[in-house]
Amino acid sequence: VTGTLYLVGVGPGDPELLTLKAVRLIAAADVVAYPAANGETNLAFEVAREHVPDTAQRLPVDIPMCVDPGPAQSAYDALAKDMRTELEKGRNLVYLCQGDPLFYGSAINLIDRIAPLPVAIVPGVTSLTASAAVIGRPLAARNDILKVLPAPLASGVLERELKSASAAAIIKVGRHFDRVRDLLYRLDLAGDAMIVEHATRAEQRITPLAAFASNERPYFSTILCAGGADR
Ligand SMILES: C[S@@+](CC[C@H](N)C(=O)[O-])C[C@H]1O[C@@H](n2cnc3c(N)ncnc32)[C@H](O)[C@@H]1O
């Protein structure tokens with residue numbers, strides 16, 4: 001009998017936002033895998049740490065992050081091969097995923113590579129809902145159309161999508177911040193845009209875009225704003 005790969009969402013950072021199911025599976029895992037760039041444990045592991053059994057094998061995963069997708073795809077191939085070897089021995093694997101595994105998560109790259117061996121997905125609290133919660137503002141209400149817009153999209157695409165949204169969340173802001181900020185000002189959407197950094201973690205910071213120092217760049221953030229439709 002083969003084991004199962006569980007892609008387990010651990011939520012946005014507050015360990016109390018782990019689900020009971022996540023805790024149960026982590027505590028019973030034979031192998032616990034987690035993203036660990038440059039050998040450093042990452043947030044997903046820190047959130048789950050107290051539930052990882054001493055007996056579980058730890059499998060840090062270092063996926064190269066670069067614009068060329070080639071190296072990352074090769075790293076996922078190698079990881080999936082190692083995981084399949086463990087699963088074929090009948091061992092259960094948990095892969096810890098920040099937030100929710102299927103919401104822009106890197107674990108998505110493993111699903112087809114592990115099939116036809118069993119993969120089960122355990123949803124987690126997303127950074128999207130966590131960001132709305134910490135500012136206490138609805139993400140979307142009534143018939144609002146909420147758009148999730150990755151900041152690396154071209155400015156023209158972002159502009160078009162923002163204009164026709166009732167509400168928007170801009171993610172993966174990072175080095176695109178200046179471009180996104182200029183666009184929000186140009187579309188007159190900066191006024192009520194909020195920058196949420198590290199939602200639910202000790203480092204959490206909430207800043208209106210208009211109050212963000214011009215020489216500052218947000219870190220690990222989501223920008224929540226009203227869209228241009230139905231203003
Ligand atoms: C690759 S996506 C992964 C999202 C994750 N799977 C989830 O469900 O939250 C990473 C982006 O999510 C957003 N993000 C993740 N955690 C966050 C947090 N705690 N606070 C604010 N934004 C966060 C940032 O925009 C970041 O660039």
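A search of the whole structure finds 12 salt bridges. The model is a predicted one. The points below take the ligand shell, the salt bridges, a surface patch and some backbone features in turn.

**Ligand shell**

- Asp 100 places a polar backbone atom 2.8 Å from an oxygen atom of the ligand.
- Lys 172 has a backbone N or O atom 2.9 Å from an oxygen atom of the ligand.
- With Pro 12, the ligand atom concerned is a nitrogen, and a backbone N or O atom of Pro 12 lies 3.5 Å from it.

**Salt-bridge network at Glu 86**

- Glu 86, Lys 89 and Arg 91 are linked in a network of salt bridges.
- The side chains of Glu 86 and Arg 91 meet at 2.7 Å, N to O.
- Glu 86 also forms a salt bridge with Lys 89, where the closest N and O atoms are 3.4 Å apart.
- Glu 86 counts as buried because its relative accessibility is 12%, under the 20% limit.
- Lys 89 counts as exposed because its relative accessibility of 54% is over 50%.
- Arg 91, at 25% relative accessibility, counts as partly exposed.

- Arg 181 and Asp 178 form a salt bridge through their side chains, with an N to O distance of 3.7 Å.
- Both residues belong to helix H7 (residues 177–186), and they are 3 residues apart, about one turn of the helix.
- Arg 181 has 10% relative accessibility and so counts as buried.
- Asp 178 is partly exposed, with 34% relative accessibility.

**Polar contact at His 198**

- His 198 sits in the loop that runs between strand S8 (194–197) and strand S9 (205–208).
- The side chains of His 198 and Arg 201 are joined by a polar contact of 3.0 Å.
- With a relative accessible area of 10%, His 198 is buried, since the limit for that class is under 20%.

**Nonpolar surface patch**

- Leu 102, Ile 108 and Ile 121 form a nonpolar patch on the surface, and together they have about 230 Å² of accessible area.
- Ile 108 is placed in helix H4 (residues 108–114).
- The relative accessible area of Ile 108 is 38%, and the residue is therefore partly exposed.
- Membership of a patch requires over 30% relative accessible area, so Ile 108, at 38%, passes that cut-off.

**Backbone features**

- The peptide bond from Ala 115 to Pro 116 is cis, and its omega is near 10°.
- Pro 116 lies in the loop between H4 and strand S5 (119–122).
- Asp 188 has a positive phi, near 60°, in a residue other than glycine.
- Asp 188 is in the loop between H7 and S8, and it counts as exposed at 57% relative accessibility.
- Phe 220 likewise has a positive phi in a residue other than glycine, with a value near 45°.
- The loop between S9 and S10 holds Phe 220, which is partly exposed with a relative accessible area of 42%.

Key: Residues numbered from 1 in each chain as written. Predicted model: local features only at pLDDT ≥ 70, side-chain atom pairs only at ≥ 80, totals over all residues. Heavy atoms only, no water. Patch = residues over 30% accessible without salt bridge, like charges linked within 9 Å, V, L, I, M, F, W, Y side chains within 5 Å. Areas by Shrake-Rupley, 256 points an atom, 1.4 Å probe, with all protein chains shown as cover. Salt bridge = Lys/Arg side-chain N within 4 Å of Asp/Glu carboxyl O. Helix = DSSP H or I, 4+ residues; strand = E, 2+ residues; numbered from the N terminus. Buried < 20%, exposed > 50% of the residue type's maximum accessible area, 1.4 Å probe, protein only. Polar contact = N/O pair within 3.5 Å; in protein donor to acceptor, adjacent residues only side chain to side chain.
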